[in-house]
Amino acid sequence: MQVISVNMAMPTEVAYQEGMVTTGIFKKPVKGAVRVRSESLEGDAQADLINHGGVDKAVYAFSSDHYEYWRTVLGNPGLGPGAFGENLTVSELDESALCIGDRFSIRDCVLEVSQPRVPCFKLGIALNNTRAPKLFTKSFRTGVYFRVAEEGVVEAGDQLIKVGEAADSVSVESLFRAYFDKAYAAPEVIFSKALRLEQLAAEWREMLKKRMLAGS
């Protein structure tokens with residue numbers, strides 16, 4: 001996997017329905033090396049720190065290979081790096097192959113997969129399509145959130161090198177599908193495995209516990 005683009009933005013206000021909302025989703029590619037801190041990239045920020053950002057969602061990566069699909073689905077041939085609010089646009093990022101707890105080095109930075117991305121209404125704002133969040137969920141092309149195991153710098157062109165993994169983990173795609181796909185067989189098996197992983201993000205841990213209590 002290779003970093004195709006590093007994307008950042010500071011929060012800005014935009015019109016939404018009858019009012020205004022503040023969002024940091026409008027990420028744009030930047031040149032040069034960017035420092036990766038424990039909760040975000042230096043120079044990047046989130047507006048809603050309850051639902052975005054933080055230690056478990058410090059860096060969001062999305063596959064450059066998904067873009068052609070979305071250009072067709074959304075009828076927007078101009079979609080490019082950062083359009084999905086990702087910090088890192090990465091080639092060959094495959095949610096079915098990436099597992100919770102997988103670790104990757106990028107130069108001196110080490111990132112650890114913590115959870116899939118769950119879209120909110122702001123994705124619809126970013127893509128100028130109110131159906132985008134639902135389409136995103138149904139596509140299972142979620143990208144991945146990383147926590148920062150070791151701070152460092154990252155730049156377009158850098159390689160992601162796998163340096164560790166969690167034992168008996170679950171893939172990002174299988175976790176997301178088990179939770180959101182009603183046709184998924186035996187989701188409780190995936191939930192149970194995921195809950196045994198200390199690397200699973202706290203947000204998803206609570207989501208899975210509630211679902212298990214409710215009977216999946």
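This is a predicted model: local features need pLDDT of at least 70, side-chain atom pairs count only at pLDDT 80 or more; totals for chains, interfaces and linings use all residues.
View 1. Although Phe 140 is not a glycine, its phi is positive, at about 65 degrees. Buried residues are those under 20% relative accessible area, and Phe 140, at 15% relative accessibility, therefore counts as buried.

**View 2. Ala 186 in the loop between α4 and α5.** Ala 186 is a residue other than glycine with a positive phi, here near 50 degrees. Its relative accessibility is 36%, so Ala 186 counts as partly exposed, the class that lies between the 20% limit for buried residues and the 50% limit for exposed ones.

**View 3. Strand β10 and its pairing with β6 and β9.** Strand β10 spans residues 144–150, and because five of its seven residues are buried, it is largely enclosed by the rest of the structure. On β6 (residues 59–63), the pairing with β10 is antiparallel and runs over three bridges, with Val 59 having Phe 146 of β10 as its bridge partner.

**View 4. The surroundings of Phe 146 and the largest nonpolar core.** When neighbours within four places in sequence are left aside, the residues in contact with Phe 146 include Val 55, Asp 56, Lys 57, Ala 58, Val 59 and Ala 61, together with Phe 104, Leu 111, Glu 112, Val 113, Ser 114 and Leu 160. The largest nonpolar core comprises 41 residues, and Phe 146 is listed with Val 59, Leu 88, Leu 111 and Leu 175 as having the most contacts inside it. Helix α4 (residues 172–180) supplies the largest share of this core, namely five residues. Another core, of 15 residues, lies apart from it and has Tyr 60, Tyr 67, Leu 127 and Phe 136 among its members. In soluble globular proteins, nonpolar side chains tend to be buried together.

**View 5. The packing of helix α4 against helix α6.** The axes of α4 and α6 come within 11 Å and cross at roughly 40 degrees, and the two helices are therefore oblique to each other. The crossing in which α4 passes α6 is left-handed. On the α4 side, Leu 175, Phe 176, Ala 178, Tyr 179 and Phe 180 meet Trp 204, Met 207, Leu 208 and Arg 211 of α6.

**View 6. The packing of helix α5 against helix α6.** Helix α5 (residues 187–195) packs on helix α6 (residues 202–213) at an angle of about 140 degrees, and their axes are 10 Å apart; that angle makes α5 oblique to α6. The crossing of α5 and α6 is left-handed. From α5, Glu 188, Phe 191, Ser 192, Ala 194 and Leu 195 take part in the contact, while α6 contributes Arg 205, Leu 208, Lys 209, Arg 211 and Met 212.

**View 7. The hairpin of strands β2 and β3.** Strand β2 (residues 12–16) pairs with strand β3 (residues 19–23) in the antiparallel sense, over five bridges. Tyr 16 has Gly 19 of β3 as its bridge partner, and the hairpin has two residues between the strands, with Gln 17 taking a positive phi near 55 degrees.

Methods: Residues are numbered from 1 along each chain as its sequence is written. Side-chain values use heavy atoms; hydrogens and water are left out. A nonpolar core is a set of buried Ala, Val, Leu, Ile, Met, Phe, Trp, Tyr and Cys residues joined through side-chain atoms within 4.5 Å. Buried means under 20% relative accessible area, exposed over 50%, partly exposed in between (1.4 Å probe, protein chains only). Helices (H or I, at least four residues) and strands (E, at least two) are DSSP runs, numbered from the N terminus. Contact means heavy atoms within 4.5 Å. Two strands pair if DSSP finds at least two bridges between them. Axes are lines fitted to C-alpha atoms, for helices over the stretch in contact, and angles run from 0 to 180 degrees between N-to-C directions. Angles under 35 degrees count as roughly parallel, over 145 as roughly antiparallel, 65 to 115 as roughly perpendicular and the rest as oblique. A crossing is left-handed if the near helix is turned anticlockwise from the far one by less than a right angle, and right-handed if clockwise.
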